[in-house]
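Please take a look at it before going on.

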Amino acid sequence: ASRAGLCEAHLKLGDAAMKRGRTKEAALSYQRVLEINAEHTEARQRMAEISRQRAEKALTDGRDEDALNAFAEALKYTPEDEILSARVEAVRAEKKAKIIASLVSRSEREARELNWDGAIRTLEEAVALSPEDSDIQKKLSNARDERHQQKLADLKARAQGLANAEKFDEALKTWQEYLSLA
């Protein structure tokens, strides 16, 4: 009975601290409840809510990793919370989408600069994150084709330059390489 009373007192102190906007003080009160009774449902829910609020603030501030860590902490307190679990999955999906969009954008910039190897590496990273995305796979295939066409054009120009310079042996080797790739 005394433990239950002590838990109730710490809950009230935590709730009062929350009303005054003193989140850290409230968390300490709720932690004391959990030290007394690790399965105390109300204290676990309140701690989860504090972590969830911290996560949402981190998201607003653009700190995705901090947000995911805070959501993970919230889930430790209330692993059965389906709404919280769904929110965490949505945040993970948003983060993944941002990363993929950034990779695709970088690959497009590399392609404009005719850096086909860089564009391909970047798209391969995107495909590794999202293997089911057919658009990214198509972009990767196109980049590989463009790299191949660029290599053929370079070999052809080189072979023609060597022939014009009357370096026929080197020109022949370059044409053979061209034909092996064509």
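## How α2 meets α3

Helices α2 and α3 are roughly antiparallel to each other (an angle over 145 degrees; under 35 would be roughly parallel, 65 to 115 roughly perpendicular and the rest oblique). Their axes come within 9 Å and cross at roughly 150°; axes here are lines fitted to C-alpha atoms, for helices over the stretch in contact, with angles from 0 to 180 degrees between N-to-C directions. The crossing of α2 and α3 is left-handed, meaning that the near helix is turned anticlockwise from the far one by less than a right angle.

On the α2 side, the contact (heavy atoms within 4.5 Å) is made by Thr 23, Ala 26, Ala 27, Tyr 30, Gln 31, Val 33 and Leu 34. From α3 come Ala 43, Arg 44, Arg 46, Met 47 and Ile 50. Together these residues divide into eight nonpolar, two polar and two charged.

## What the model is

This is a predicted model, in which local features need pLDDT of at least 70 and side-chain atom pairs count only at pLDDT 80 or more, while totals for chains, interfaces and linings use all residues. Residues are numbered from 1 along each chain as its sequence is written, and side-chain values use heavy atoms, with hydrogens and water left out.

Helices are DSSP runs (H or I, at least four residues), numbered from the N terminus.

## Helix α4 and its cover

Helix α4 covers residues 64-77, and its 14 residues reach 20 Å from first C-alpha to last. That is close to the 20 Å expected at 1.5 Å a residue, where the expected span is 1.5 Å times one less than the number of residues.

Which residues of α4 are buried? They are Asp 64, Ala 67, Leu 68, Ala 70, Phe 71, Ala 74 and Tyr 77 (buried means under 20% relative accessible area, exposed over 50%, partly exposed in between, with a 1.4 Å probe and protein chains only). Their cover includes α2 (23-36), α3 (41-60) and α5 (82-112).

## Ser 107 in α5

Ser 107 is found in helix α5 and is buried, with a relative accessible area of 3%. Beyond its neighbours within four places in sequence, Ser 107 is in contact with Ala 119, Thr 122 and Leu 123.

## Two loop residues with positive phi

Most residues other than glycine have a negative phi. Leu 114 has a positive phi of about 60°. Leu 114 lies in the loop between α5 and α6 (116-129) and is exposed at 52% relative accessibility.

Glu 166 also has a positive phi, near 60°. This residue lies in the loop between α7 (134-164) and α8 (168-181), and Glu 166 is exposed, with a relative accessible area of 61%.

Notes. Nonpolar A, V, L, I, M, F, W, Y, C, P; charged D, E, K, R; others polar.
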